[in-house]
Amino acid sequence: MKTTNIFIAASLATAMNMALAQTVPLPQPSPGLMPNPAQGKRLFDKSCAVCHGPNLKGSDKGPPFLHPVYEPSHHGDASFQAAVRYGVRAHHWKFGDMPPVQGVSADDVAHITAYVRQQQRLVGIR
């Protein structure tokens, strides 16, 4: 009986989290924006490198983006937008939760993502 109650409580919590996730608006870059990897590198160096490493290989504060866990089929481009705007709960790594990143726009994230994807392709992550 106790196991059943735990299962029901966990199921309800999961359902509530899924429902809440459906109502959170995802940031969108400007219509017609052409993401620029060179601009993305400058923005990455300014806003992301301190945790994710200047070479995208991670640091003692954050995970590497040159890792298969960040391939587009697992963490799509929209996940970068959501992470910057809302933060992320730790789920693949033991660095702790990522807080929202202030002062980085949806357009900035699109440029940063273009840079990250370019660098991933160079090391065979597709």
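Mentor: Gladly, and let us begin with a term: a residue is buried when its relative accessible area is under 20%, exposed when over 50%, and partly exposed in between (1.4 Å probe, protein chains only). This is a predicted model, where local features need pLDDT of at least 70 and side-chain atom pairs count only at pLDDT 80 or more, while totals for chains, interfaces and linings use all residues. Residues are numbered from 1 along each chain as its sequence is written, and side-chain values use heavy atoms, leaving out hydrogens and water.

Of the chain's 126 residues, 28% count as buried. The chain has 5 helices and 0 strands, taken as DSSP runs numbered from the N terminus (helices: H or I, at least four residues; strands: E, at least two).

Now to helix 4, residues 77–86, where Phe-80, Gln-81, Ala-83 and Val-84 are buried. They lie on the same side of helix 4 because they cover an arc of only 165° around the axis, judged by the directions from the helix axis to the C-beta atoms. Their cover includes helix 5 (106–122). After helix 4 comes Gly-87, with a positive phi near 85°.

Phe-80 also leads us to Phe-65, which touches Phe-80, with Phe-44, Leu-56 and Val-116 among its other partners; contact here means heavy atoms within 4.5 Å.

Conventions. Lists of a residue's contacts leave out its neighbours within four places in sequence.
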